[in-house]
Amino acid sequence: MDPKDERLDPVMNFAVKSFRLNPDKWQQSVVDDDNLLMLNGFFTSPDHGCLFIGEQSIAERDEPPETATGADAETAPEDASETPAAPPPVTPLRFSLCFPRDVTSKVLCVSKPSRGEALTKDNAKKLILVEVPGDAALSLVTALTEEIALPSLGNGDNCVDWPEGMPEEVLRYMELLKNQTLVLKAQTQGRTFLAQPGLAKDASGFEKDLDPKQDKDLQTENNIEEIALSSTCQSDLLQACDWTIIEWDELVGEFLKQDSAELVLEQTRPLPEEEFNFWESRLQNLVFIDKQLKSPKAQQLAATVEKAQSVYSSTLKQICSSVQRALKEAEDITHNLRPLQKLLEPLTTLEYSQLKDQVWTVMEEVRLLWTRSQFYCKPCHVVVLLQEISNLFIELSRSFLGHGQVLKGLVSEPAPVFESVCLCIETLERLKECFRGCRAKLEEEGGNAPKWDFPSLLIFVHLDSFLQQLERIREVYRVTLDMSYLDHAIFSGINGKKWTGLIEEIYSHFLHQVAVLSESECDATDPDDPVFPELWAHFHSQVQDVESRLVTVFSRALETRTISTSVGKILQMFGPLLKRPLILEKLHRHISSVWNMIHREVDETELIVQSQIRVYKQSHEQNQIYSGFRPSEASLLTWANQLEERAQHSFNNHLLVKAVEAGGAQRVADKCQRLKELIQDFRDSVRTQWTTRLEKDCDFILRQPVIQPLQTGLLDVPCGSKLEAVLRELRVVNQTKDMRLGPQVSHLVNCRDGITETHLSLGSLQSFYNQVVRSMDPVEQPLIQAQLQDLTRGLSGLQSRTWSSDGLHLEVQRQRDEVMRFHQMITETRAKNAAIKQITEGWGQIKLLECEEDGLLKGVAQEINQVQLSQDSQELLRFTQENMSLYQTEETAEAWLLYLDHIDDVVQSGLVQLLQSALSFLTESMKSPELPLLSVTLVLQPQGSRLLPSDFSAAGGVLSVEQRLSGIVSQLYGITDLVRRISTRRDSNYQPSLKQSPVLRALEQEVMSAAQEVFAKAEHLRAELDHKYSHLWTRKRQDVMREFLMYGRQLGPDEQDVEEAPPKLKEFQREIENLQSTRSALSAIDDITVLQGWLQIDLRPFRDSLMSLTEEWKHMFTDRLLQTAADCFQQVALEKENQPEPSFPLSQTLLLLETTGVELPPSLSKDIHC
């Protein structure tokens, strides 16, 4: 049977939980040949319905080899370096097809249906029943034996008919069965049962046999046969007692030999819980044994063998004394182990990060256990306990790391797992450290107390193996994290792309190796796993190969770097990766070159500093600009700071190189320190000169007046620029350390904020005042002259004040507020003036003329423009009224009237732009038209043809083009009446003034001239069409037909007394063809014609009217022919003799009518077909 058979899963799950085994121990049990044989018989044979599983007894285990435990541990050397040889593997469990006889622990019973379907992996969980045999069945057998079977057999009346000796034999068998049942019941409970001999029946007789007085009476009263029978019973009873004592001695001796170190010796790596359970179970079993030894039957047995002077009487006493000693030991150990048990139980529920803080408490409790326990202060016990505690911490560490999942974090989140592994190592190392601390503490206490002089290797043999495994795991994660610096590595320079590509290739190869390690199924936290060491060895060799390839790239990169900053970037880019021993060893030559480079840079910086110091000593005033700061002293200090930063960069690069290899670190540090001291001396001398000059400048500024007027009427702030410069310097001074200031500078520094605020207020005052004065125009000056004079008188008080005057700030603020109010007023009036100008200038963008979608002029846009101009007019009036309030003037004041005239001119200029825009639109549309501007229609009226506007029906009258354009111009001028006149001294509206504008008059004349020109051309076109087609509507058709029928043609005006000649068919044909030609000519006339590009003439009404007249003329001749054809047909139908022939041939007449497109009447068509 395969040990990995899936049918074993339910059995394995129950057994592992019941016996508290590791899964590895189960696998070790099922691969045993004897166990496999039993399993195969249970799962394949229908004859076996039960399988019993129990732990191996001590007698069945192989004798382990001698190890350094017990007394040997006390004398083992501390520096023992060799691990004791491991004993051969012991099968933890034993399988049997029948209930084992000599079990001393729990037994599992696996059962299946006796007959039925075979066990498969699909039905195994359903059919297999796993249970622990209970006490109910055993108690029933015991009760039946004691209360029924034995009393019944002891009654002789029930065995009268039995053969001789059979009742005694059956009685002995029942006694044996009862004892076996009690033994089995005790074994299921983990107890040792001492089987009792049958003394109830024979005890009194046996005591009589041992009584000398009763023996003398028996000799006198009984015969020889009774004496012989009594001697035989006495011998059998004594023999039974002896055998019982021998069996007790074996059972008790075997139990007392049990030791908690057995699990350690079996390499099962037990936990402290096993130790606690062992001593608890041992104590309970010893109490159980002691109770049996003190029972009445045991006392009766002891009395029997003592009276019989049996050699086993001393053996029984020795058993009792051994049990008492063991009981005392178990009670002491169990009592002293309980504090440690209470301390260890919560450890499994704590966060792993909290375990490190509990290690010392645990180890200290073990030390206290050693000192207070009478029996546990032996190396054999403490070594086992410490090994179990180590195993507990190992299991907690494995659980914290996830057992076989610990390597999965290599490709996902290596940093947290690395920290977890480091935490485990620190915790376990802390355990060893605490052990050494407690051992040293025991040695310091002195006295006769035993010491922990046993080697620590005995305790930490498994822990050291586990730590070695964790060290490998940590190294794997450390390498992975170190190599992660390659992921974002980018080289610069000519060969940067090439080196970056090599790094990417190397890192890709490394990630493949990491993936192989991460995807493995091994449990790296198990020291017994043989797979991980092989993977580790392969991974380590691959890492060495990767490091060798990286050395090549790093060497080339360092060779091409000429400044330490670029080298520092490389060192910072790869970080701890460069500290790896193999890489560091091969880069030693390049690191030495980097040290030389840093030395050279520090020396160059020192030469620059010394050179500048020499220049500075030659001249106390340096005009060279060293940086963006002013004054020059600040520039010098900034330059010094920059040099110090340069030196600091070199020092920082030295720290980066020192982190990799500390070759020339001390020498560079000394040079940098000397350079910083040199720069500091230079900085001190510059500060001294700066403070001296500042003292002079501040003394000068504090004595100057605040403001003074200029000849131009503007205000000036004396020494304002110098004050600003000093204030800027003071700001730099506050940011500069170690500045010693004079009294004037200190005073200015202390009140710098106030002076700065005063200076800013004064600057605002000066700026606002000068803005008003500079931008004052002639119209505005008379309105603000009085207010400006009052303001100037108020400012005259500041001319006598200096920067050191008291109350200066408040006075400046008060005057600034006055100036700001005045400036605000002026700003508002100017803003309203600008708004007035903006409104009027915006009128030029208004489109007064409306056009259709096809571009034709519709007229003057009325509604929208009226609303806008009305609103603008109201705004203009409102602005002027508000300005009058701001200027604080009266309506009749001459200055105000001049202002209104000025605004009136601005409004009139805007209206000129408004009308100019509209008239310019007309002229541009006439000069360079893109689409027709106006449209007229040529129509035929009873009195003749006529040109009418296209919107004749809506216009309410007939207007010519010239009249219409003139009306539009008048409407444009009329719309300006919506704007009310601003000036009170001029006309009531703007029309008279606008009509006098030369620009508008020229545009108006240009428009009317273009209208007259195009109207003349339109009349000429109308006259040409009248001349050509006027005969169609001037001549009467009846007169023409009468004349045609009489003469066959139309007579001229001069023809008189013409001979009559009725027309023939060809004359009709000629007239019809002439009319058709006229119709074709009319069809060729365009629908619309455009004159001068802007006047559109619609000829369609005129053309349609003529074509209608042409059709009427044509119908006049065709109707005559139809009548003639009807008359001819009637003559033919009558067939009268001597009837004259028709005037026109019938067939030709019909053919002509058909050619002309005339349809015959239905009656005539019907007669012809008949």
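Buried residues (under 20% relative accessible area, 1.4 Å probe, protein chains only) make up 44% of the 1170 residues in the chain. This is a predicted model: local features need pLDDT of at least 70, side-chain atom pairs count only at pLDDT 80 or more, and totals for chains, interfaces and linings use all residues. Residues are numbered from 1 along each chain as its sequence is written, and side-chain values use heavy atoms, leaving out hydrogens and water.

Color by secondary structure. The chain has 42 helices and 12 strands, taken as DSSP runs (helices H or I, at least four residues; strands E, at least two) and numbered from the N terminus.

Select 781-795 and 808-842. These are helices α29 and α30; their axes come within 10 Å and cross at roughly 165°. Axes are lines fitted to C-alpha atoms over the stretch in contact, with angles from 0 to 180 degrees between N-to-C directions. The two helices are therefore roughly antiparallel (over 145 degrees).

Now show side chains. Contact (heavy atoms within 4.5 Å) involves, among others, Ile 784, Leu 788 and Leu 791 of α29, and Val 819, Phe 822 and Met 825 of α30. The contact residues divide into 8 nonpolar, 3 polar and 1 charged. Here Ala, Val, Leu, Ile, Met, Phe, Trp, Tyr, Cys and Pro count as nonpolar, Asp, Glu, Lys and Arg as charged, and the others, Gly among them, as polar.

Next, select His 403, in the loop between α16 (379-401) and α17 (414-445). Phi of His 403 is near 55°, positive in a residue other than glycine.

Finish at Gln 1092, in the loop between β11 (1088-1091) and β12 (1095-1098). Phi of Gln 1092 is near 60°, a positive value in a non-glycine residue.

Technical notes:
Parallel < 35°, antiparallel > 145°, perpendicular 65-115°, else oblique. Buried < 20%, exposed > 50% of the residue type's maximum accessible area, 1.4 Å probe, protein only.
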